[in-house]
Amino acid sequence: MKKLFLRVEKVTKIYFDGSRILKEALKGVSLDLYHGEVLGLLGVNGAGKTTLVSILATLHPPTAGEISWQGRSIYDLLLSYRSVVGYCPQHPNIERHLSLGENLVVSGRCYGLSKHEAEARKMELAKEFKLEEYLESNIDQVSGGYKQRFLIARALMHRPQLVILDEPTVGLDSHIRRELWGVIAQLKEQGITVILTTHYLDEAEKLSDRICLIHGGTVRIIDTPENLKKQHQKNNLEEVFLKFVDDQDSRNF
Amino acid sequence: MSSWTVFFQLIRRDLTVFWRDFWKKFIDTSILFITNVLAFGYFLQQEGAHEGYAAFFVVGAIASFGFVEIVGKVGIQLADMGGDRTIFHTLVMPIRSKMVFYYMGLSWAITSILMSILLFPLGKLLVFTEWHLTDISWWRLVMMFVTANLFFGYFSLWLTGILKNMTDLSRLWLRYIAPMWMFGGYVYSWQSAYDLSPVVGYISLINPMIYVMEGMRAAALGQGGYLPFWVSVVMLWGFIALCAWDGNQRLKRKLDCI
């Protein structure tokens with residue numbers, strides 16, 4: 001039986017400009033996340049994927065709704081919850097005045113690792129992510145692929161139970177994408193729960209245990225890739241997705 | 001694990017970064033400081049400024065030069081909020097957001113202290129015979145120096161909260177900081193302003209810089225002729241509390257954080 005990790009209930013997010021509503025980014029999103037699964041979040045640009053993951057990472061608060069972890073609101077257990085979450089944002093937000101190695105150590109120490117543990121973990125992750133030769137470099141001296149590897153490594157410094165990856169492979173060439181797929185597959189093998197937002201349907205199909213399609217700020221589909229293909233009689237997830245997007249009246253779903 | 005673990009690690013990180021450029025920044029600050037002291041402290045005496053004006057000026061300059069360092073931090077923070085957003089990495093760490101903002105103000109205050117503390121011996125060398133060490137109340141000086149720099153730190157935090165972007169920052173110096181500095185007793189005492197017109201004197205009291213200058217001079221040159229030391233301390237702590245609280249609220253709204 002699958003063990004519940006996180007429950008998201010009727011989460012809404014409204015952006016205001018003063019008292020005027022600018023955008024209703026999420027309209028009552030509900031979903032369950034289970035221990036050790038990879039949940040792929042799919043959706044067109046502006047669907048609300050990044051908004052949802054930034055709320056799950058506790059970067060931004062929801063306007064309404066509840067997110068529970070261990071049977072209690074994550075906002076009641078904020079610091080404990082944050083200490084088990086690793087967040088890899090879409091854009092590299094790396095301290096420029098520190099080397100990549102120093103960034104890793106600082107991040108680890110902020111999550112309670114001792115200096116020795118942080119150094120050891122840095123070397124372990126540097127090896128795993130092939131970052132060894134760049135540990136002394138700063139952010140401006142490495143390519144996009146290595147920045148992305150670094151961001152994932154940083155998110156893993158404190159050995160989180162939940163890793164949130166917001167479009168980790170966007171803009172990367174196919175070779176590096178494939179390498180990062182291996183990394184995500186490894187996380188799964190280690191029993192880490194992963195939320196992965198992506199535009200690449202092949203990636204989502206290959207890596208995700210379940211797919212959650214967000215459209216217009218609501219969850220429209222949530223199921224395993226196999227069930228989705230079977231249900232919609234398609235050969236791959238891309239065809240399912242295209243059918244959905246083409247279908248203006250999504251009530252068919 | 002508590003917010004304090006993260007709080008102190010973040011300060012440690014900032015200090016690591018600060019020390020890397022310390023000497024370059026100190027040379028820049030020293031050039032501005034020496035220029036000001038020579039021009040106002042010596043040449044102005046040729047124009048009739050009273051004897052001892054150099055020491056009077058040096059203490060005010062030491063009191064306020066950390067501010068130059070901190071306003072630069074406001075620019076860096078605004079650029080970050082509009083660009084890389086490294087602060088977002090901090091805001092998902094196991095620390096309350098208000099503690100993140102309080103850490104920022106404190107960290108800026110510490111770097112301001114470290115930047116301006118070396119101006120004391122430099123200032124003494126520049127006005128050697130005019131500033132008598134026997135006039136200094138050391139414990140008052142330490143208290144006021146720390147208080148003044150904490151005010152700069154949290155005032156800068158508040159500025160980060162009210163400024164929308166880097167364009168606003170360019171206006172900040174000309175419209176706010178320069179008048180606040182110059183009318184804050186940088187080159188004259190509050191008593192001089194009051195003597196010019198009691199109305200000007202009372203209006204000056206809304207400017208927190210006046211308490212920085214007067215408090216430092218009361219501690220370093222003797223109480224005579226300046227606002228009571230404890231009035232300056234209490235007023236500055238009031239401004240620190242106000243800036244910290246309002247800056248926290250504004251940044252929380254601005255960054256839409258928990």
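How many residues does helix α8 of chain B have, and what does it reach from its first C-alpha to its last?

## Helix α8 and the build of chain B

In this predicted model, local features need pLDDT of at least 70 and side-chain atom pairs count only at pLDDT 80 or more, while totals for chains, interfaces and linings use all residues. Residues are numbered from 1 along each chain as its sequence is written, and chains are lettered from A and ligands numbered from 1 in the order in which they are written.

Helix α8 of chain B (residues 166-182) has 17 residues and reaches 23 Å from its first C-alpha to its last, close to the 24 Å expected at 1.5 Å a residue; the expected span is 1.5 Å times one less than the number of residues. At Leu172(B), α8(B) bends by about 50°, the bend being the angle between axes fitted to the seven residues ending there and the seven starting there.

Chain B comes to twelve helices and zero strands, where helices (H or I, at least four residues) and strands (E, at least two) are DSSP runs numbered from the N terminus. The radius of gyration of chain B is 19 Å, close to the 18 Å that the globule rule gives for 258 residues, so chain B is as compact as a globular protein of that length; this radius is taken over C-alpha atoms, and the rule is 2.2 Å times the number of residues to the power 0.38. Along the principal axes, the C-alpha atoms of chain B fill a box of roughly 55 × 40 × 35 Å.

## The four-stranded sheet of chain A

Chain A comes to nine helices and ten strands, and its radius of gyration of 18 Å agrees with the value near 18 Å for a compact globule of 253 residues. Four of the strands form an open antiparallel sheet in the order β2-β1-β4-β5 (chain A), with two strands counted as paired if DSSP finds at least two bridges between them. Strands β2 and β5 (72-73) of chain A stand at the edges with a single partner each, so one side of each is left without a neighbour in the sheet.

Within this sheet, β1 (residues 4-17) and β2 (residues 20-34) of chain A pair over eleven bridges, with Tyr15(A) facing its bridge partner Lys23(A) in β2(A). The two strands form a hairpin with two residues between them, and Gly18(A) in the turn has a positive phi of about 70°. Five bridges join β1(A) to β4 (residues 64-69) of chain A, where Ser68(A) is the bridge partner of Arg7(A).

## The six-stranded sheet of chain A

A further open sheet, with mixed pairing, has six strands in the order β6-β7-β8-β3-β9-β10 (chain A). Its edge strands are β6 (85-88) and β10 (218-223) of chain A, each pairing on one side only. Strand β9 (residues 210-215) of chain A pairs with β10(A) in the antiparallel sense over five bridges, and Ile211(A) stands opposite Asp223(A) in β10(A).

## The contact between the chains

The contact takes 22 residues from chain A and 21 residues from chain B, two residues being in contact if their C-beta atoms, placed from the backbone, lie within 7 Å. On chain A, α2 (78-82) and α3 (100-110) each supply at least two residues of the side that touches chain B.
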